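Subject: Handover of a structure with notes

Dear colleague,

Please find the structure below, followed by an account of what was found in it.

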Amino acid sequence: MISNSPGWRHTAGKSALPILLVLSLLLGACANTAGPRPPAYDGPGPLPPLAYYQLLGKMSPAELGRERSVLAALPATPNTQLRQAMLAGHPRAAQDLTKAIALLDGILKSSDPAALSLQPLARLLADNYLERQKLDAQQERQGQQLKESQRKSAELQEKIDGLADIERTLPQRTHSLRPAPAGRSK
């Protein structure tokens, strides 16, 4: 019997290995002809938008600008509105917190079943964006107060410098001894 001979098994094993490798590569290549598929961000629930938010963090400012155009062309679904709000409030993109809050408010007021599943995430983002707006306003007020205090400080320094100049121009006083007052004798 040929199949039981040790030489046959050794020869068959060596020739089968390259064939198996070639077949597996061909099958693998056929499976990936479409290339890597991006995850679907329009799926139900909060997980696709959260994955989208992670993607935004990896994008360059130019890519974020292109993404804004892409989202504007999509139909206005709750998921698209949520993604637009994420993009409008993203720290690395051109921020428009007012627009982001308005988009999120539309989701929060909607009774659409797709919006209902996104409302907890929309509430979280809206709270975050409102807090950021308050902090921005507070920072702006503090900046104005700092400028005002710097201006007042400069004015006071000018007054002090002016008084010092006046003091330098005054004639020097001589320290003479005063005579003792008359009428006090013992």
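Glutamate 148 and arginine 151 are joined by a salt bridge between their side chains, with an N to O distance of 2.3 Å; the term denotes a side-chain nitrogen of Lys or Arg within 4 Å of a carboxyl oxygen of Asp or Glu. The model is a predicted one: local features need pLDDT of at least 70 and side-chain atom pairs count only at pLDDT 80 or more, while totals for chains, interfaces and linings use all residues. Residues are numbered from 1 along each chain as its sequence is written, and side-chain values use heavy atoms, with hydrogens and water left out.

Because glutamate 148 and arginine 151 are three residues apart in helix H6, about one helical turn separates them. Helices here are DSSP runs of H or I with at least four residues, strands are runs of E with at least two, and both are numbered from the N terminus. An α-helix has 3.6 residues a turn, so residues three or four places apart point the same way.

Arginine 151 also meets glutamate 155 in a salt bridge, at 2.4 Å from N to O. These two residues lie four apart in helix H6, again about one turn. Through shared partners, the salt bridges link Glu148, Arg151 and Glu155 into one network. Glutamate 148 is partly exposed at 33% relative accessibility, arginine 151 at 39% and glutamate 155 at 37%. In these terms, buried means under 20% relative accessible area, exposed over 50%, and partly exposed in between (1.4 Å probe, protein chains only).

A further salt bridge joins the side chains of aspartate 127 and arginine 123, at 3.2 Å from N to O. This pair is four residues apart in helix H6 and therefore separated by about one helical turn. Aspartate 127 is partly exposed at 39% relative accessibility, and arginine 123 is partly exposed with a relative accessible area of 39%. The structure holds five salt bridges.

**Overall architecture**

The chain has six helices and zero strands. Of its 186 residues, 20% count as buried. Among contacts (heavy atoms within 4.5 Å) between residues at least 6 apart in sequence, 56% join residues at least 24 apart. The chain exposes about 14400 Å², of which carbon and sulfur atoms supply 61%; accessible areas come from the Shrake-Rupley method with a 1.4 Å probe, and for residues only the protein chains shown count as cover.

**Helix H4**

Which helix is mostly covered? Helix H4 (residues 78–88) is, with nine of its 11 residues buried. Among them are Leu82, Arg83, Met86 and Leu87. The cover over the buried residues of H4 includes helix H2 (47–58), helix H3 (61–73), helix H5 (97–109) and H6.

The charged end of arginine 83 sits over the ring of tyrosine 52, 5.3 Å from its centre (NZ of Lys or CZ of Arg within 6 Å of the ring centre and within 35 degrees of the ring normal).

**A nonpolar surface patch**

Leu163, Ile166 and Leu170 make a nonpolar surface patch of about 310 Å². Patches are made of residues with over 30% relative accessible area and no salt bridge, with like charges joined within 9 Å and nonpolar side chains (Val, Leu, Ile, Met, Phe, Trp, Tyr) within 5 Å. Leucine 170 lies in the segment after helix H6 (113–169) and counts as exposed, at 51% relative accessibility.

With kind regards
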